[in-house]
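Hi,

Here is the structure I promised to pass on. My notes follow below; have a look and tell me what you think.

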Amino acid sequence: MLVKKLKTISLLISFLCLGFWASAQKVVQPANTNPEWSKPYPPFRIAGNLYYVGTYDLACYLIVTPQGNILINTGLADSAPMIKANIEALGFKFADIKILLNTQAHYDHMGAMAAIKRMTGAKMMIDEGDAGVVTDGGRSDYSTGGNESTYAPVQIDRLLHNGDTIKLGGMQLVILHHPGHTKGSCSFLFDVRDNTRSYRVLIANMPTIVTDKNFADIPTYPNIAKDYAYTLGAMKKLSFDIWLASHASQFDLQSKHKPGDNYNPAAFMDKKGYDAEINDLQDQFLKKLKEK
Ligand SMILES: [Zn+2]
């Protein structure tokens, strides 16, 4: 009896230690050197049931359905109150977020994810390539990783693979695996409609290069060059009416929309701008391959 009791106590102690160890994993968000990342921006309706609820540059998207809402990306750790206020300013309930998605698991898009999941109880769905970094808060990231997490780790409810569909309240989002920037960077393709027409929307994760290292010198990501080549090729083939991205600056939000502007989905119908961006990224990739 005593032995059993002692065993139970020691088991309890090891669980407590484990819990302490997990909570002791420090989260150190890199210093924010870009004031536009944390600058507020008035939320607005992009097209149909799709809304912009991010900061000035860290794009966050809300898709509203009768069965609850989908939030894509969160900004920095301290962005949560701003995103909540933006959602409420549009007349929606923060607690109605049912699904959380992410385009690339870096701290500038994942920073507030754990907090928002805690506040809403929403399900986190992540590209399987980013499952590792999401679980350790970015410690194992090939370019920005290290001994400390750069964001609070998030528990994953569903792993997503290329072409999978995310369904909620009549909406269907297709996830497109676009690795390179992170191992599980991804884009989302879906249709929204308003009184006049429907729009095919692409929320693109642009394959920018984050590492200073030569691609051949990254043993934790041996397929990096192959992944970038695949992603650039796949992104060139996409067709859509509206495109948006993980950073507002990437799709030139500030020149397409001014705070207070009337509803105007046409402002974001810019295939030319998208093609130019992808071609530019393709050049950067080819230049990177030539680095010695
Ligand atoms: Zn990033």
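The charged end of R45 sits over the ring of Y263, 3.9 Å from the ring centre. K183 likewise lies over the face of Y221, at 5.4 Å from the centre of that ring. For "over a ring", NZ of Lys or CZ of Arg has to be within 6 Å of the ring centre and within 35 degrees of the ring normal.

Before you read on: this is a predicted model, with local features needing pLDDT of at least 70 and side-chain atom pairs counted only at pLDDT 80 or more, while totals for chains, interfaces and linings use all residues. Numbering runs from 1 along each chain as its sequence is written, and side-chain values use heavy atoms, leaving out hydrogens and water.

On to the metal. Q104 (OE1), H106 (ND1) and H181 (NE2) coordinate the zinc ion at 2.1 to 2.2 Å. Donors here are N, O and S atoms within 2.8 Å of the metal (3.2 Å for Na, K and Ca), and water is not among the atoms, so sites may look incomplete. Along the chain the donor spacing reads Q-x1-H-x74-H. H106 is buried at 5% relative accessible area, and H181 is buried too, at 7% (buried is under 20%, exposed over 50%, partly exposed in between, with a 1.4 Å probe and protein chains only).

Ring pairs next: the whole structure has 15 aromatic pairs, counting Phe, Tyr and Trp rings (the six-membered one for Trp) with centres within 6.5 Å; planes under 30 degrees apart are stacked, over 60 edge-to-face, the rest tilted. W37 and Y107 are edge-to-face, with centres 6.2 Å apart and planes at 65°, and both are buried.

Cheers
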